[in-house]
Amino acid sequence: MVLHKEEYETSATYEEVGSPLYSNVIPKRHSDKGRKASSAASGVQRYRVGAITLGLLAVVQLVLIIYLAFHMEARNKNLTEERDELKRKLDVLVLKQDSWRAERDNLTSMNSETEGRSRTISLERDELKKKLNTLAQPGWTLFRSRAYYISPTKKSWQESRAYCQSVDADLMIINSREEQVFANSFKLHMWIGLTDSETEGTWKWVDGSPLTTSYWGSQEPNGKTEENCGEIKSFTTERSWNDGTCSLQLNWICEMKFAQ
Ligand code: MMA
Ligand code: CA
């Protein structure tokens, strides 16, 4: 603005001296000497103006730089805080993720445990249902939490055993005096779950357990390799067992268990 005005005045001084239009505004001293002095003063003026302008620009620039520096500083501080906050949040999330993973694994194993248990329960339920249906058939008797079946027909020891197994039972195992007395009470010549077929002279029950307490009749067992299957024979005496020929057709007694 200042420069403009100066130029304006100067150009007028050079070109429009005689113009009546400018006669009022042009100063009276318009000699060569005066013109030179005026020109020098205007140069100094311009220099000053330029210097001031540059100075102002420098100040403005400095202010701008300081402002920007502060601004950047503040911005940096904010970003650092944000970054730290995000790091903290990330740490929390990583911890949560770990505990959720552990929880998920825990639930997964609990789930497979539950599934396994429910499969077992369902198998046991089906087995008990089947046993209950069997018990409703004629020939079955309950005694001391077990069920016993006295056959109305005769079979070999092996076929008799197969029948018992087909109804989730087996030939009777006698492991108490009570059971021995109970077995005799039917007053029937019948197969029980005893054999020495595997090793001659070594009597075993059908569940694989060895014979400990026995109720052999007098002189029994006497059949060597000819008689490898156990039977109730002389039921009028407590010691009623005989070793008989396994292919003989006899009645039989099954025993059913409901728990181990
Ligand atoms: C039958 C048979 C044998 C038993 C004798 C006892 C004759 O054979 O049952 O196993 O030992 O009788 O006299
Ligand atoms: Ca015998």
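1. Asn222 counts as partly exposed because its relative accessibility is 43% (buried means under 20% relative accessible area, exposed over 50%, partly exposed in between, with a 1.4 Å probe and protein chains only). This is a predicted model in which local features need pLDDT of at least 70 and side-chain atom pairs pLDDT 80 or more, while totals for chains, interfaces and linings use all residues. Residues are numbered from 1 along each chain as written, chains are lettered from A and ligands numbered from 1 in written order, and side-chain values use heavy atoms, without hydrogens and water.

2. Asn222 lies in the loop between strand S5 (204-205) and S6, and Asp243 in strand S7 (residues 241-244), so the pair ties together parts 21 residues apart in sequence. Asp243 is buried, with a relative accessible area of 1%.

3. Helices (H or I, at least four residues) and strands (E, at least two) are DSSP runs, numbered from the N terminus. In helix H3 (residues 157-166), the residues Trp157, Ser160, Arg161 and Cys164 are buried. They cover an arc of only 100° around the axis, which puts them on the same side of H3 (the arc is that of the directions from the helix axis to the C-beta atoms). Just after H3, Asp168 has a positive phi of about 55°.
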